[in-house]
Amino acid sequence: MFILPKVILEVSQNGEPEKVFGRHRPEDIIDLDADGSPLTKTEREFIYGLAVWIYRAIAVYREDCKTSNRDHTIIRHQNIVRQGRGKKRTANTYLDILLSLIDFAKRNKDWFMFILKNIHSGYNKINWNRTIAKSQVVVQNNEPVYLDPITKKRQVNFDEELLVIFYSILHYIKSEYGFPVDLNVNYNLITGKQFKQYLDKGLGIRRLRQIKYKYFSDKALELWELCYAFFEQSKHIRITSQMNEFLLAKNFNIVFETMIDELIGDFTFPDRLNKHQEDGKEVDHLFLWDSLTRARQDDEQREGNHMTYYIGDSKYYKQKNRVGRESVAKQFTYARNVIQWNLNLFFGENAEQAERRKTDFCLRDEVTEGYNVIPNFFLSGKVPSDFNYRDHVEETGKTAKTHISRQYINRLFDRDTLLVTHYDVNFLFVLSLYARDNAMQKKQWREKVRNIFRDKIREELSRRYQFHAIRALPSINTEEWLKANFKSVIGKVFAPYVEDKGIIALALANPHKEHDPKVTAGIEAENAHVLALIDTAFNRVPLDNLGIDPRPMLLPPASAVAAPLGKEGVVMLAYMHYDNNVVNLRELGKVAVPILYNSEGMKLLENIESIGFILFNKWNAASQHLFRLTEKPRVVPKPNIPDEYLNIRNRKKPDDIPNEIDYLYLLLDIDMSDELDSSSLDCQRCKLPGGDPSRYDAIYSTIRNLTIV
């Protein structure tokens, strides 16, 4: 008896009874082999194969319950001794055959050892009578030496060939279905493409027929019949079964939920976050993966603010069954709980929480006061019409594909804007993957399917929103501008890059997704206003979706002042008397600065070809002045400094420089007529060792290193 999973039932939309495969009434196919059964050969074979996978899935779940806190009460497993011990019965399913093969291997270990012992006994034992009579002898040191001793010749042994075929079948059962089979044999088994030919091209049946009449013992004949039934997939062989086994899952939806969680979910979570939420609700699936607003580079690890929480709910429904309003509401609640947990972590009063902020990530961005998007999805099992077991995930075929909860239409980066998307996965594929219980295969698919969810959710957002990346112009202070225009951009902006907070994501609702003409007109007007406002203070590039990295298109503003040859090296000069000498500096435009015999001085000399700027500063961003060099820097000893160069000597000689050593000097020709904007630079990002403000010898840096991010 095999109880079919309800996922193969199709719900009728016009009040008709539910049907299997959308064609058959369940009561018409109770007896698979009855005369007049409406099942096609393909449907019948599918049910036989499905029985194997369902059996394995329940068995794997039952084993998992022994080492986890899964609900073991839903599984009923019992063996009952048959009346008439050892009586043969008819095998009606493919599962019968597989279990009978495994059972035969367990019950007949002594018989296998006896066969192997007889097969190998006497090999390589010399027959001296025949050797003396027929073999050539050579006498050496008065002793006969026979060059070609006659031994027992090894011939094709049909018992051994049957064992090779049998153990090859067991190897296939173990690798294909995950059955726990003990294979302690030293045979060269038939595997891979060769075994596939035995299955698909009839080689197994052909070879078994050729050796059938070589066997006479009851055990050998029983084994031959089992092997033949496996290749022919005959359902009417007579087998010996001493036990009736019952394996039943009374709530298979829990098994399905476990299957999906095993294949896509995480099992450990940071900082007391888990699926059992504080309000008593329990999330089906929760895992950390790439943030939707973050374009992960191939050489970057998945950690920190590159990540976000994905929330999933598996739905074990009949085909075409719709998700209820209660389920949708629960998914929104799950996301709100995760957001609140994250905020409590980062903005709590607990010292432990404050310390944790250094390594964890926050869903709320303090620069824009926007909230990262929480990916949230339903996942339903679907049986393909051709009953294939291929890996396939697609947007659901049901009417409601995306559910949305929001307070404001045009605020994606808002904690009240939540979306739940719905996808279908091939039920047969996830069933077989879980049933095999192969850790490597599960790990590979886990990464693959998480990327699929990430990309598909991005595609859905791209249909609903227009995305842009923006960076403030050099003269604009981003935080002050955002505060001044808070009401216009709140919920529309989010800074996704921890390492470059200067780049901000902008999301504007797509008016064509709204059906009300008045709402559409309002969105269009609002978008036009926001874009006009943004363009007065930011560089902006449109993005097709959130997965595109805009950093190459929006370089830091200070990099725009680099010399034509790409020289972005900077001589940093802590000149405390800049204000007193600015007139003299502008008249001369020529400066000679000392190069010390230390690591900082050597760095200047090593990078002299890339130097294109000088940054006068007083070790604070409020007193810094950036100028472009007009000539390549030159290095001369002190006696060779030309008279027209202003010599900026050290007011305090470092202790690590001997008195007798004089310095080399760097001659800099400066365009003092055009001071460059340095508001995006911070001289404090590259201080002298120890940060001694009384030293104003030169050190080397670059525009990129000094840029505020």
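Buried means under 20% relative accessible area, exposed over 50%, and partly exposed in between (1.4 Å probe, protein chains only). Helices (H or I, at least four residues) and strands (E, at least two) are DSSP runs, numbered from the N terminus.

The model is predicted: local features need pLDDT of at least 70, side-chain atom pairs count only at pLDDT 80 or more, and totals for chains, interfaces and linings use all residues. Residues are numbered from 1 along each chain as its sequence is written, and side-chain values use heavy atoms, with hydrogens and water left out.

**Stop 1: helix H7.** Select residues 203–211. The buried residues here are Gly204, Ile205, Leu208 and Ile211. They lie on the same side of H7, because they cover an arc of only 140 degrees around the axis. That arc is taken from the directions from the helix axis to the C-beta atoms.

**Stop 2: the largest nonpolar core.** A nonpolar core is a set of buried Ala, Val, Leu, Ile, Met, Phe, Trp, Tyr and Cys residues joined through side-chain atoms within 4.5 Å. The largest has 118 residues. Phe166, Leu170, Phe179, Phe230, Phe427, Trp445 and Leu461 touch the most other members. Helix H1 (residues 41–65) gives the most to this core, with 14 residues. A second, separate core of 26 residues includes Val283, Ile311, Val338 and Trp341.

**Stop 3: strand E27.** Select residues 664–669. Five of the six are buried, so E27 is largely enclosed by the rest of the structure. Strands pair if DSSP finds at least two bridges between them. Strand E22 (residues 590–595) pairs with E27 in the antiparallel sense over six bridges. Strand E25 (residues 634–637) also runs antiparallel to E27, joined by four bridges. Val636 has Tyr665 in E27 as its bridge partner.

Now zoom in on Lys590, which stands opposite Asp669 in E27. Their side chains meet in a salt bridge (2.5 Å, N to O). The pair ties together parts that are 79 residues apart in sequence, since Lys590 lies in E22 and Asp669 in E27. A salt bridge needs a side-chain nitrogen of Lys or Arg within 4 Å of a carboxyl oxygen of Asp or Glu. Lys590 is partly exposed at 24% relative accessibility; Asp669 is buried at 7%.

**Stop 4: other salt bridges.** The structure holds 31. Select Lys318 and Glu18, whose side chains meet at 2.7 Å, N to O. Lys318 sits in the loop between E10 and H10, Glu18 in the loop between E1 and E2, 300 residues apart. Finish with Arg70, Glu262, Asp437 and Lys442, linked in a network of salt bridges.
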